[in-house]
Amino acid sequence: MSDVSLTVNGRRVTGTVEDRTLLVHYLREHLGLTGTHVGCDTSQCGACVVHVDGKAVKSCTMLAAQASGSTVVTIEGLANGAELHPMQAAFKENHGLQCGFCTPGMIMAAVDMVNRHPEGLDEATVRAELEGNICRCTGYHNIVKAILAASQVMLKGTAQVAA
Amino acid sequence: MGVEGIGARVARKEDKRFITGAGRYVEDMVLPGMRQAVFVRSPHAHAAITSIDVSKALEMPGVVGVLTGRELKADGIGNIICGWMIHSKDGSPMKMGAWSPLAVDRVRYVGDAVAIVIADTKGQARDAAEAVEVSYDVRDAVTQAVDALKPGAPQLHPEAEGNLIFDWELGDAAPTDAAIASAAHVTTMHIVNNRLVPNAMEPRAALGYYDKAEDHYTCWTTSQNPHVARLVMSAFYNVAPENKLRVIAPDVGGGFGSKIFIYPEEIVCLWASKKTGVPVKWVADRTESFMTDAHGRDHVTEVKMAFDADNRITGLKVDTIANFGAYMSLFSSSVPTYLYATLLSGQYNIPAIHANVRAVYTNTSPVDAYRGAGRPEATYLLERTMETAARELGVSPAELRRQNFITEFPHQTPVIMCYDAGDYATSLDAAMQAADYAGFPARRDEAKQRGKLRGIGMSAYIEACGIAPSAAVGSLGAGVGLWESAEVRVNAVGTIEVLTGSHSHGQGHETTFAQLVAGRLGIPIEQVSIVHGDTDKVQMGMGTYGSRSGAVGMSAVFKALDKVEAKAKKIAAHLMEADEGDIVIENGALKVAGTDKNVPWFQLALAAYTAHNLPAGMEPGLKETAFYDPSNFTFPAGCYICEVEVDPDTGTTEIIQFVAADDFGNIINPMIVEGQVHGGVAQGIGQAMLEGAVYDRESGQLVTASYMDYTMPRASDVPSFKVSTSNTPCPGNPLGIKGCGEAGAIGSPPAVMNAITDAIGSNDLTMPATPEKVWAALHAATKH
Amino acid sequence: MYSVNYHRASSLADAASLAKKGEARYLSGGMTLIPAMKVRLAAPSDVIDLSHIAELKGVSVSGNSVRIGAGTTHAEVAGNAALKAICPAICSLAAHIGDPHVRHMGTLGGSIANNDPAADYPAAMLALNATIVTDRREIPAEDFFTGLFETALDEGEIVTAVTFQAPSKSGYSKFPNPASRYAMAGVFVAQDQDGVRVAVTGAGENGVFRSPEIEAALASNFDASALQGVTVPSDGLMSDLHASAAYRANLVVVMAKRAVGAANG
């Protein structure tokens with residue numbers, strides 16, 4: 001057993017877990033944050049993507065003990081209270097989700113993608129950068145649209161802050 | 001009509017919970033005392049079980065129980081059945097082998113469930129599952145349907161001699177053979193429709209809870225049709241009587257057909273909860289899903305299409321062998337028969353059609369409906385054959401199709417279906433225009449300059465949706481009626497709950513069903529809530545599949561609304577002392593036509609419940625139910641065009657453009673309809689270029705058992721799609737809608753394959769057209 | 001996953017001492033080890049997390065000399081401007097390993113120590129004639145990769161860095177497996193005053209290898225056109241569900257052409 005201590009969605013959490021506990025299971029089963037999903041066993045589908053210390057990672061491929069000491073943001077921590085994050089809003093506006101199962105990982109990956117591309121995104125880049133996120137419902141068409149739309153909003157926001 | 005009624009592009013009401021991580025899927029459910037289950041599964045494709053020793057597993061840390069098939073049988077739990085009776089052409093009923101939810105003495109595919117292990121944690125359950133000692137006497141296995149029919153092939157079930165489940169036919173053989181014999185041209189094709197794994201992103205899951213005090217069971221399950229699950233588990237599997245069984249399908253993460261069927265796991269979790277006294281949860285790993293979710297398609301077909309000297313189709317003969325896997329899944333028998341052969345006329349006037357279908361057991365996962373179910377198989381063979389015929393005859397593929405289109409409706413085909421409405425030329429023209437079909441030769445030349453092979457292909461599909469008229473399907477062997485039910489509950493303050501037997505697992509019913517109600521009554525969409533997926537809340541339902549929720553499910557809501565409206569008008573007329581016939585509903589009020597007298601909707605609702613001043617003899621309240629049974633199938637149709645570039649060095653195919661021009665009849669929410677087409681087309685592209693379940697022919701092991709080996713379409717594999725719709729309203733239902741859920745998966749595979757074969761100049765290519773296969777086909781073609 | 005004991009090493013010495021426990025395995029980014037543990041194909045008794053050891057991190061470039069710490073993530077290699085200036089091929093290689101999430105975690109050291117036959121980095125190490133630095137010694141890449149998932153590392157030995165001289169030209173091109181997106185054939189070409197080195201990953205039955213046919217063709221003319229008509233033998237190449245040996249042999253030449261094209265800009 002290992003003691004773990006993390007900051008999750010701005011809240012300090014501590015606990016004792018079996019060493020084999022994956023971060024995703026810690027989030028879901030110990031913290032009740034069930035928005036992060038598991039869609040495969042081979043670290044490919046990306047339904048489990050969360051941000052650890054500001055970077056998108058697959059929470060199904062990281063031990064909770066490995067993440068101890070880190071700051072984690074999950075889909076539940078993305079919105080600012082009642083105000084949706086621009087990426088969440090864009091997924092809704094552009095019908096970027098159907099069954100919703102891949103959506104949390106998709107949105108967390110998309111936010112990370114925009115963060116890593118301050119120069120802006122085009123369709124080909126978005127498609128290439130979605131390598132690690134599988135959706136079976138949407139055919140990606142509206143996901144790509146949503147990410148491009150949100151990236152405009154997010155980068156505009158950044159530019160305003162910088163100005 | 002308000003902006004949020006029928007036809008409005010309304011953002012989805014259900015999205016908020018999904019985009020904030022607040023969706024509630026079966027795996028998210030937690031009950032006090034709940035334990036985790038892992039299934040012990042057969043590692044062999046075919047074996048006799050000689051012994052099972054659970055004693056070591058029972059001693060493992062955290063283990064609550066280990067249960068086997070013998071205990072299941074001792075408790076009288078029934079075998080899993082197929083609910084659609086097919087008779088062979090000799091009149092004999094289909095040969096259904098026994099499928100015990102936990103195997104007792106024989107396993108027939110890799111993944112066949114043998115025992116359930118229940119422990120405090122999933123890790124412990126898995127540890128203990130490895131300690132269950134099962135002795136197998138391994139038998140030879142057969143995975144290909146064609147092989148299973150050969151003399152001396154391994155036999156799966158004593159009930160089905162030679163592994164043959166049925167040998168069925170539809171249509172008239174004699175005139176078809178005559179047409180072929182006297183044809184000016186016959187196009188012959190050998191068509192393989194590859195085996196697919198549905199791969200809804202949410203793996204299947206079940207949580208069974210037996211309440212001892214109430215002697216009552218609750219099952220949370222990843223189901224597209226919870227009421228059917230309850231009915232079947234009660235009537236056939238003897239889990240519990242219907243009044244003692246509640247089935248809840250909460251948020252479900254995609255289905256595509258694979259979550260229609262009742263699987264061993266939900267039955268066993270419910271039974272095991274009673275046996276162990278704890279709630280039992282099972283969640284599939286992805287590899288488990290690959291092994292045990294019902295797969296789709298897997299047909300091998302010989303096709304002959306006859307033409308006269310004017311290039312008119314005179315006959316079509318089809319001989320199909322369908323792989324059913326190791327057991328007959330719930331609707332398996334309907335897929336390669338009445339959902340397949342009945343669509344073999346496509347969009348074409350074909351005077352004579354004959355189809356023969358042999359259904360075969362093999363040592364593979366059971367095969368059942370997957371998005372399109374039978375219709376993609378029919379469309380694929382027809383549209384590959386049409387394109388090939390055009391090449392052989394030296395005519396334009398578009399014009400060959402146009403020349404043979406059905407243009408007068410209703411049209412009775414030789415294979416049962418009577419098409420009610422359609423305009424195929426309009427879709428063809430729309431697709432050709434959107435794709436700039438005329439400009440293709442110039443694009444091909446330009447690509448050649450860059451060393452790329454450019455090709456274009458089309459597909460004109462038709463499907464039968466809105467499944468289905470109960471009496472008609474009953475006469476064809478269905479064990480259930482395929483109506484839908486709805487209840488419209490007007491609350492005393494005027495807000496509305498619609499309870500529907502349809503189930504949304506991505507389709508957006510919470511929005512589209514609400515649009516129907518909001519538009520009809522002129523009230524804000526926020527005041528309408530849709531309730532589904534719980535047998536304790538919704539009176540009854542047949543669920544969501546076969547593109548039926550709009551045409552059938554919403555029609556039931558429509559009928560219930562008729563009743564609500566009629567009663568509301570009676571009350572309004574009484575309150576305003578007007579004639580009932582003069583009452584109209586506009587902008588959220590009941591008005592006396594031509595006057596300014598009106599009763600706002602919320603006041604009318606309140607009046608219905610206060611009941612202080614109702615017409616004499618009228619019951620208080622405002623709540624109505626309806627069952628809607630469709631009068632016919634609906635017939636969505638369309639034309640898809642795919643344009644590709646092949647890299648001759650590697651065989652890589654890039655889709656340059658994909659055009660979909662569909663006729664879905666009336667549309668409730670264009671945004672959602674487009675999304676359905678996008679998703680369906682991506683799955684069709686997946687089938688054509690990427691996906692294929694492969695079993696090792698000797699060992700029967702599933703080689704493609706994870707995303708490491710089974711290629712799922714990713715964002716970089718597909719383009720943005722050009723979609724459009726035209727509209728010939730469906731005359732068969734009150735809303736004039738046809739259904740859109742499956743079209744994309746039905747129409748797209750032949751368009752893709754026609755484009756690739758056009759690009760490489762070789763027709764010798766099977767799905768999935770992987771880079772290696774395309775490269776090899778090119779290589780072989782250039783060698784000749 | 002079977003039960004396991006997790007240890008977080010604070011230094012190389014600490015890690016080496018922890019490694020003496022049972023069937024211990026080092027854990028760097030975990031992008032290969034954890035998936036293998038999840039499906040119970042790997043069952044170490046203990047995992048020793050190296051990701052908090054400062055000396056394993058970072059890229060240093062001095063003239064043409066490059067040192068990449070074993071704990072440097074793929075994303076960090078991909079985004080290193082100094083490295084990109086003198087050896088863009090290795091940055092491009094790193095930028096196409098796995099997916100963005102994998103690149104945030106996976107490390108160079110983890111990749112080469114695992115020596116997956118379809119991993120990208122081994123091809124770069126071999127073609128760049130890199131030296132693998134461990135906590136005990138320095139090993140030429142030529143001697144380091146010894147077979148499928150096999151390396152010259154001794155029990156408990158830790159890769160700490162790789163060093164190499166940036167070549168005058170280099171390029172990498174891979175054809176990904178459609179499903180897993182690992183390399184089905186990946187070719188790294190490097191040219192400097194000592195000649196041309198070409199290494200192939202994803203294709204060989206025994207893992208990464210150098211292609212004498214392609215090296216010979218490029219030696220006199222470092223141009224894609226020099227590979228016209230060149231073939232590599234399919235003997236010794238992998239054949240599986242996704243690609244036959246013959247197809248892989250074709251891909252190796254095609255990827256080599258593209259890598260040379262990239263190297264020549």
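1. Let me start at the B–C contact: Asp649(B) and Arg258(C) form a salt bridge, with their closest N and O atoms 3.8 Å apart. The term here stands for a side-chain nitrogen of Lys or Arg within 4 Å of a carboxyl oxygen of Asp or Glu. By that rule, the interface of chain B and chain C has five salt bridges. On the polar side, 13 residue pairs are in polar contact across it, both residues at pLDDT 80 or more. That means a pair of N or O atoms within 3.5 Å, where within protein one must be able to donate a hydrogen and the other to accept it, and residues adjacent in sequence count only if both atoms are side-chain atoms.

2. A word on the basis of all this: it is a predicted model, where local features need pLDDT of at least 70 and side-chain atom pairs count only at pLDDT 80 or more, while totals for chains, interfaces and linings use all residues. Residues are numbered from 1 along each chain as its sequence is written, chains are lettered from A in the order in which they are written, and side-chain values use heavy atoms, with hydrogens and water left out.

3. Back to B and C. Chain B brings 23 residues to the contact and chain C brings 20, contact being heavy atoms within 4.5 Å. Together they bury about 1,700 Å², with 51% of it on carbon and sulfur atoms; buried area is the accessible area (1.4 Å probe) that two parts lose on being put together, summed over both.

4. What does chain A put against chain B? The contact has 41 residues of chain A and 51 of chain B, and the area buried between them is about 4,000 Å², 55% of it from carbon and sulfur atoms. On the chain A side, Lys92(A), His95(A) and Arg136(A) lose the most area to chain B, together 20% of what that side buries.

5. Arg136(A) also turns up in a salt bridge with Glu691(B), at 2.7 Å from N to O. Between chain A and chain B the count is three salt bridges, plus 30 residue pairs in polar contact, both at pLDDT 80 or more. Helix 3 (86-93), helix 4 (103-116), helix 5 (123-129) and helix 6 (141-162) of chain A each supply at least two residues of the side that touches chain B, and helix 3 of chain A gives the most, with four residues. Helices here are DSSP runs (H or I, at least four residues) and strands likewise (E, at least two), numbered from the N terminus.

6. Some backbone spots in chain B to check by eye. Phe409(B) and Pro410(B) are joined by a cis peptide bond, omega about -5°, and Pro410(B) sits in the loop between helix 11 (397-404) and strand 16 (411-412). The bond from Ile467(B) to Ala468(B) is cis too, with omega near -5°; Ala468(B) is in the loop between strand 18 (453-462) and helix 14 (470-475). Asn163(B), not a glycine, has a positive phi of about 65°, and its place is the loop between helix 5 (145-148) and strand 7 (164-171) of chain B.
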